[in-house]
Amino acid sequence: MKDKYIGKVGTKERDEYEYELRMEVLGKMIKAARQERNLTQEELGQLVGVKKAQISKLENSANSATIDTIIKVFKAMKAEINFNVKLEDNFVKIA
């Protein structure tokens, strides 16, 4: 279905779709972690040093956020985050 309606893997349209989807999932993870910590958007914003509106925007889609901001948000919630880098069929491992 995705190939037919969005584009085949490797096309610009498909890459943009996949990126947006990942950013939406990341935003939902931020929201879930915030709620698990019983924090309001305003309280999380104060911990990170941003306004409530930026936390709301981040939770709805993290595509406008920098990696630095995302790390600060999770750090403020004392949440561990992990990054995986995959090159073709192999994950890059850090020793």
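In which helix is Ala33 found? Ala33 is found in helix H2. Helices (H or I, at least four residues) and strands (E, at least two) are DSSP runs, numbered from the N terminus. The model is a predicted one, in which local features need pLDDT of at least 70 and side-chain atom pairs count only at pLDDT 80 or more, while totals for chains, interfaces and linings use all residues. Residues are numbered from 1 along each chain as its sequence is written, and side-chain values use heavy atoms, with hydrogens and water left out.

Ala33 is buried, at a relative accessible area of 16%. Buried means under 20% relative accessible area, exposed over 50%, and partly exposed in between (1.4 Å probe, protein chains only). Neighbours within four places in sequence aside, Ala33 is in contact with Phe74 and Met77. Contact means heavy atoms within 4.5 Å. The C-alpha atoms of Ala33 and Asp3 are separated by 33 Å. Along the chain, these two residues are 30 residues apart.

Met77 touches Ala33 and also Ile30, Arg34, Arg37, Leu39 and Leu44, not counting residues up to four places away in sequence. The largest nonpolar core has 14 residues. Such a core is a set of buried Ala, Val, Leu, Ile, Met, Phe, Trp, Tyr and Cys residues joined through side-chain atoms within 4.5 Å. Ile30, Leu44, Val73, Phe74 and Met77 have the most contacts inside it. H2, H3, H4 and H5 are the elements that give two or more residues to this core. H2 gives the most, with four residues.

Helix packing was examined next. Two packed helices are described by the angle between their axes and the distance between the axes. Axes are lines fitted to C-alpha atoms, for helices over the stretch in contact, and angles run from 0 to 180 degrees between N-to-C directions. Helix H2 (residues 12-36) and helix H4 (residues 52-60) pack at an angle of about 125°, their axes 6 Å apart. H2 is therefore oblique to H4. Angles under 35 degrees count as roughly parallel, over 145 as roughly antiparallel, 65 to 115 as roughly perpendicular and the rest as oblique. From H2, Gly27, Lys28, Ile30, Lys31 and Arg34 meet Ile55, Leu58 and Glu59 in H4. By class, this contact has three nonpolar, one polar and four charged residues. Ala, Val, Leu, Ile, Met, Phe, Trp, Tyr, Cys and Pro count as nonpolar, Asp, Glu, Lys and Arg as charged, and the others, Gly among them, as polar.

The axes of helix H3 (residues 41-48) and helix H5 (residues 67-76) come within 9 Å and cross at roughly 110°. H3 and H5 are therefore roughly perpendicular to each other. Leu44, Leu47 and Val48 of H3 make the contact with Lys72, Val73 and Ala76 of H5. This contact has five nonpolar, no polar and one charged residues. Lys75 also lies in helix H5. Lys75 counts as exposed, at 65% relative accessibility. Its C-alpha atom is separated by 8.6 Å from that of Val48, 27 residues apart along the chain.

Backbone angles set two loop residues apart. Most residues other than glycine have a negative phi. Asn38, in the loop between H2 and H3, has a positive phi near 55°. Asn38 is exposed, with a relative accessible area of 68%. Lys78 has a positive phi of about 55°. Lys78 is placed in the loop between H5 and strand E1 (85-87). Lys78 is exposed too, at a relative accessible area of 71%.
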